[in-house]
Structure formats: structure tokens, C-alpha cells
Amino acid sequence: MKTKVTIQDIADSLHLSRITVSKVLNNSPNVSAETRDLVLKKAQEMNYKHLNTAVFSNAKASGPQVKSFAFVMHMTPDAFHIGSGIITQLEQEIRTKGYSLTLHSITEEDITSLTLPPNLNKNQTEAIVCLELFHPEYSRLICSLGIPVLFIDACIDFHSLNLNCSLLLMENRVSTHQMLAALCEKHNLVSMGFVGDCRHCISFQERYESFFLTGAEYGVDTQPYNIIADDSKYSQAGWITEQLRNKERLPQLFFCANDVLAQALIHSLADLGLRVPEDVLVCGFDGLPSPNALMNSLTTIRIPCKELGTCAAQLLFQKIQYPDSVPFTIYLDTQICFRNSAP
């Protein structure tokens, strides 16, 4: 039976990152007063053995409470996720203005019950950044708090929701067209397929639409080769392999909605004895640095994570200064990277 309470236990109970909890317990100054109070109270409740009483006295004597930016997302990013680079840069940018950054991971239960994370206190929050938050009603809930909100990517219904907030996106259409057009011409393609749920988010939808239009422009057959299904299907063991096995023939090229899907597809092709790029060309989208050699060999389109963090901070600073400014949508340029999977 487990008796020792860990930092991770405290973090999980509050839907916080382990890093944030560790900062509080080590008396780091870069944490909002609200988050600090929540962590210390929970640590006491859970009888955390390494709790330093000096942390309490410092917290009480810390003086005026520091306003924070809240970073809200549907999952906790690892070091090689788009969110990690954005968070790092965003925190650096807002610190120059005297703000701290709090992290909030939204669970499926939160979304179903339309419940805010317990450590998100709007009285201590100056602005909110939402990343990969693709549920329409939860998006509406966040925007009802009366706080400036910026979405980085969003659900495909975003513009019809009439939310009073702005949207920041990576450029998807032009870069996808340029990459696929170059491959169509170089390899004389007559067939290619799309892999991913094109209704997953705005970015996936834009990538699919550009894929479809590029195919039509070059007279490339696409429809029989697509693997388009609900997003939950792709994580099922053997599901992609089964979709490939059920096709009468495979296309010359697969374009995947992101690099994670491209990696899963390549493994499935290998299960069928097919090689990339010798038998099938594969390309993706994201281009994030990774310790995985396969990911680093993908032809892909690189997302500007650092620039997304900088731009998010600048847009919210502007909204704070001019609260009556109208919402807008901004795209940041992406970069095509031709590599071994589709040279």
C-alpha cells in the first residue's frame, strides 16, 4: 500500500505540472500567490513529509500578489511537444512585464462537466492562452470569464462560435501546397492519400483542404487512398495497419496531418513489409526537434514554436492595453523541410 506522498501526487491532484509544484515547495518566486496557496494547502492535506515551514512564512510575507497569465491545454506537453517550446518562450516574454505563468491541464472530466481547473482563479489571472483546446463549449466557457483570451489553434467551429477572442495559427495551406506540388512534379505522382482526422482542429482541416486541392490541380487521384476517421481510432493498436491491409492498392505518397501520425504510419507500413521511401513516400507536419531518428528523417513542415510564444505574449499585451480592440486571426509562416521519407 502506497504511503509516501510525492510531488507528482500533489501535482496530479491539482491538475498542475510537476515543475510548478516543485517551484512552490522549493520557494521559487516565479509562481503566482494563488497557485502557491493551493499547492501548500494540498501538501498539508496530503501530509507531504518534506514540506518546509519556512515556505509558509515566506508566502505570507511575500507582499502584493503578482498577476499571472494562464496557459490552458488539454494535455501536459513533454519536451518534444509544440506546447513545450511555446510555454518556454511565453514565460520569458511575460516575465519582462512582471507577470508569472501558471499551467493548467484540462482533463476529459473537466470538459464533460464544463468545470474550470481548481487552480485557475480569474481574480489573479490577467490573460489566458489556450493550446489544443478543441471542444466548442469548453472554449465558450473559457471566454465567458471576462479575461483576455488567445487560442493557438482551435476547434473547426471556432469562427461560428462568435467568441470575443483572437486566434493564432501556423500557416498550413500554402506550405502544404508547395511541399506536395514539389513532390508531385519530382516523382510524377498519380496517387496520394491523407492520414488523419480532418475535423480534429482548424489546422488539420486546412492541411487536408490544401492536400485535396493540390491533388486536383496536378490530376493526382486521392479519394481511394485516404485514411480519414475519428481521431480516437489512430491510437488503437494495429488499426492503421488494418486500414492499409484493406486497401486494394496503396498510393505513391501519404501526407499525414502531423509527424506523430507519420511515424505511426511508417511503422504500419513496415509491418506489411513496405519501405519508406522506396515503396511509399511519407510526409508530415510539425518538424519539432526529437531524439527519435525516424522523426528527424521525415519530410515535414516546421512550426515556429518560439515565434508562437512571442506573438501570443505580444497580442495579449495589446489586448490588456486596449481592451476594446476587435478580435483577429493571425498566421505565422512555416518552413518546408525535405528529408529522407520523401526526398
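Predicted model: local features only at pLDDT ≥ 70, side-chain atom pairs only at ≥ 80, totals over all residues.
A residue is called partly exposed when its relative accessible area lies between the buried range, under 20%, and the exposed range, over 50%.

The C-alpha atoms fill a box of roughly 70 × 55 × 35 Å along the principal axes, and 51% of the residues count as buried. Among contacts with a separation of 6 or more, 69% are between residues 24 or more positions apart.

Turning to charge, the chain carries 27 positive and 35 negative side chains, with the centres of the two sets 8 Å apart. Side chains of opposite charge can pair when their charged atoms come close. The structure holds 6 salt bridges. One of them joins R173 and E206, whose closest N and O atoms are 4.0 Å apart. This pair links distant parts of the chain, as R173 sits in helix α8 and E206 in helix α9, 33 residues apart. R173 is partly exposed at 36%, whereas E206, at 5%, is buried. Together with E209, these two residues form a network of salt bridges.

A further salt bridge brings R245 and E242 together at 3.2 Å, N to O. Both belong to helix α10, and because they are 3 residues apart there, about one helical turn separates them. R245 is partly exposed at 47%, and E242 is partly exposed at 35%.

Notes: Residues numbered from 1 in each chain as written. Heavy atoms only, no water. Buried < 20%, exposed > 50% of the residue type's maximum accessible area, 1.4 Å probe, protein only. Contact = heavy atoms within 4.5 Å. Lys, Arg positive; Asp, Glu negative; His and termini not counted. Charge placed at Lys NZ, Arg CZ, Asp CG, Glu CD. Salt bridge = Lys/Arg side-chain N within 4 Å of Asp/Glu carboxyl O. Helix = DSSP H or I, 4+ residues; strand = E, 2+ residues; numbered from the N terminus.
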